Amino acid sequence: MLVDEAGIMLENSSTLGLMAILSLGLIFGLKHATEVDHVVAISTIVSRHKNVFRSAFVGALWGAGHTLSLLAIAIVVLWFRIAIPERVSGWLEFGVALMIIGLGVSALWRASRNNSHVHLHQHTHSGLAHTHVHFHEQETKHARDSQSQHSHRVSRIGWKPVMVGMMHGLAGSGALTLLVLTQISSAWVGLAYVLTFGFGSIAGMLLMSGLIGLPFALTSRKLTNAHQGLQTLAAILSICFGIWYAYKVGAAVLLF
């Protein structure tokens, strides 16, 4: 696991200076963003967007929420010098699994609702009738309100990425704060490590969500069937992974 690797490196490198420790935090934060449960959860949110830059911003919001919850827990843990019990961490992970299932169900419902905006139009030209398929999606309907272009970016995307990131941060805070307590003696250095870890996760998820959003952006204009197929696939994968993850984490918690 990522945190275990960091612990080994910190333990075996007693001469590491502050900059080296913070560099480790940044690197491991970048890697942390690519964990499967994070990618699966964010893909269900990114699938609704048709712009790569907006998709990347979704990842940045996830990273911001992730960092906020990590910092909040780290302050409490370092102040009282206590570790989060493994059973509590396990139940938080189980909550993440349920959240991923919920995100998948929501994305599947959205995809099926978009699919319902498919209409057959019949036209007659020179005495010959022909029929073609016409798609209406929520984001491509003809809109009269041009003022939406001036709304704030976060409010347009929604706070869901922030909340999802905070939940992931809470679930991962146990292992990270245990690492800080056992390997870093200074509370200020520990907080700095968590902060740089958070910055790394923001940058990592920004890049990951941008890459995930690329196929959705490419298929959103002319390949409507492919676009909605990708949305459905992302939703189904999220539900399947969430069920497997809930079973895995739930079994571990009950046997603890």
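Author: A residue counts as buried under 20% relative accessible area, as exposed over 50%, and as partly exposed in between. Keep that in mind for this predicted model.

Reader: Why is Trp-91 called partly exposed?

Author: Its relative accessible area is 41%.

Reader: Why is the pair of Trp-91 and Phe-94 called edge-to-face?

Author: Start with the count, which comes to five aromatic pairs when ring centres must lie within 6.5 Å. For Trp-91 and Phe-94 the centres are 5.8 Å apart, so they pair, and the planes sit at 85 degrees.

Reader: How far apart along helix α5 are Trp-91 and Phe-94?

Author: Three residues, which means about one helical turn within α5 (residues 86–115). An α-helix has 3.6 residues a turn, so residues three or four places apart point the same way.

Reader: What makes Phe-241 and Tyr-245 a stacked pair?

Author: Their ring centres are 5.5 Å apart and the planes make 20 degrees. Stacked means planes under 30 degrees apart, so that's what Phe-241 and Tyr-245 get called. These two are four residues apart in helix α9 (residues 224–255), again about one helical turn. Together with Trp-244, they form one aromatic cluster.

Reader: Are Phe-241 and Tyr-245 buried or exposed?

Author: Phe-241 comes in at 15% relative accessibility, and Tyr-245 has a relative accessible area of 12%. With the buried cut-off at under 20%, Phe-241 is buried, and so is Tyr-245.

Reader: How do you know that helix α3 is largely enclosed?

Author: Count its buried residues: ten of the eleven in α3 (residues 36–46) qualify, so the rest of the structure largely encloses this helix. Among them are Asp-37, His-38 and the run on to Val-40 through Val-39.

Reader: Which residues make the nonpolar surface patch?

Author: Leu-26, Leu-30, Leu-195 and Phe-199, over about 320 Å². Helices α2 (18–32) and α8 (187–218) each supply at least two residues of that patch.

Reader: Why can Leu-30 belong to a patch while being called partly exposed?

Author: Leu-30, in helix α2, has a relative accessible area of 33%, which makes it partly exposed. Patch residues need over 30%, so Leu-30 clears that cut-off too.

Note on methods: Residues are numbered from 1 along each chain as its sequence is written. This is a predicted model: local features need pLDDT of at least 70, side-chain atom pairs count only at pLDDT 80 or more; totals for chains, interfaces and linings use all residues. Side-chain values use heavy atoms; hydrogens and water are left out. Patches are made of residues with over 30% relative accessible area and no salt bridge: like charges are joined within 9 Å, nonpolar side chains (Val, Leu, Ile, Met, Phe, Trp, Tyr) within 5 Å. Accessible areas come from the Shrake-Rupley method with a 1.4 Å probe; for residues, only the protein chains shown count as cover. A salt bridge is a side-chain nitrogen of Lys or Arg within 4 Å of a carboxyl oxygen of Asp or Glu. Buried means under 20% relative accessible area, exposed over 50%, partly exposed in between (1.4 Å probe, protein chains only). Rings of Phe, Tyr and Trp (its six-membered ring) pair if their centres lie within 6.5 Å; planes under 30 degrees apart count as stacked, over 60 as edge-to-face and the rest as tilted.
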